[in-house]
Amino acid sequence: MTTQAHVIKTQMPDPAPKPEAILAQVRLALEEMKAKDAVEIDVRGKTSIADYLVVASGTSTRHVKSVADEVVKFAKKCGVMPLGVEGEREAEWVLVDLGDVIVHVMLPRIREFYALERLWTVGDQPPEE
């Protein structure tokens, strides 16, 4: 017997909230769940996939998943349903795609290994003389 995958297509409300409004809800969710070392990276002009990337750490896989769940809950307050949520099962790195804002919640060792902050901020600082 074959089963078909259940596909949920979400879309942004019309009019879509400003990226800064989504970012404000993400900040509140991270604060509420006591996420560690949250960093916001403005990627406008570097990529067309989003305006902001947010990277934060959780203290355990349970904490990572709870933080990501809270981000989804808070985003819904401004009418945004996630376009995708990846990594919830293992919960070492959960990505929440909110359109203009993409949130990465990671265990510290995973975050250190992938170093997303360094990847997206290379060349932002003027060279040292």
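Two residues are in contact when they have heavy atoms within 4.5 Å of each other, and among contacts in this protein chain between residues at least 6 apart in sequence, 59% join residues at least 24 apart. The structure is a predicted model, in which local features need pLDDT of at least 70 and side-chain atom pairs count only at pLDDT 80 or more, while totals for chains, interfaces and linings use all residues. Residues are numbered from 1 along each chain as its sequence is written, and side-chain values use heavy atoms, with hydrogens and water left out.

**The chain as a whole**

- The protein chain has 4 helices and 5 strands, where helices (H or I, at least four residues) and strands (E, at least two) are DSSP runs numbered from the N terminus.
- Read from the N terminus on, the elements follow the order α-β-β-α-β-β-β-α-α.
- Of the 129 residues in the protein chain, 37% are buried; buried means under 20% relative accessible area, exposed means over 50%, and partly exposed lies in between, with a 1.4 Å probe and protein chains only.
- The protein chain exposes about 8500 Å², of which carbon and sulfur atoms supply 52%, and these accessible areas come from the Shrake-Rupley method with a 1.4 Å probe.

**Helix 1**

- Helix 1 spans residues 19-32, and its 14 residues reach 20 Å from the first C-alpha to the last, close to the 20 Å expected at 1.5 Å a residue; the expected span is 1.5 Å times one less than the number of residues.
- The buried residues of helix 1 are Pro19, Ile22, Leu23, Gln25, Val26, Ala29 and Leu30, and they lie on the same side of the helix because they cover an arc of only 160° around the axis, the arc being that of the directions from the helix axis to the C-beta atoms.
- An α-helix has 3.6 residues a turn, so residues three or four places apart point the same way.
- On the face of helix 1 turned away from its buried side are the exposed residues Glu31 and Glu32.
- Strand 1 (36-42), strand 2 (52-57), helix 2 (61-77) and strand 5 (101-106) are among the elements that cover the buried residues of helix 1.
- After helix 1 comes lysine 34, whose phi is positive, near 55°.

- Strand 2 is largely enclosed by the rest of the structure, because 6 of its 6 residues are buried.
- Tyr52, Val54 and Ala56 are buried on one side of strand 2, and Leu53, Val55 and Ser57 are buried on the other.
- Strand 2 pairs with strand 1 in the antiparallel sense over 5 bridges, where pairing requires that DSSP finds at least two bridges between two strands, and valine 39 stands opposite valine 55 of strand 2.
- Strand 2 also pairs with strand 5, in the parallel sense and over 6 bridges, and leucine 53 has isoleucine 102 in strand 5 as its bridge partner.

- A nonpolar core is a set of buried Ala, Val, Leu, Ile, Met, Phe, Trp, Tyr and Cys residues joined through side-chain atoms within 4.5 Å, and in the largest one, which has 34 residues, Val26, Leu30, Val71, Val96, Leu98, Val101 and Val103 touch the most other members.
- Helix 1, strand 2, helix 2, strand 4 (93-97) and strand 5 each supply at least two residues of this core, with the largest share, 7 residues, coming from helix 2.
- Not counting residues up to four places away in sequence, valine 71 touches Val26, Ala29, Leu30, Val96, Leu98 and Val103.
- Glutamate 70 is placed in helix 2 and counts as buried because its relative accessibility is 11%.
- Leaving aside neighbours within four places in sequence, glutamate 70 is in contact with Ala29, Glu32 and Met33.
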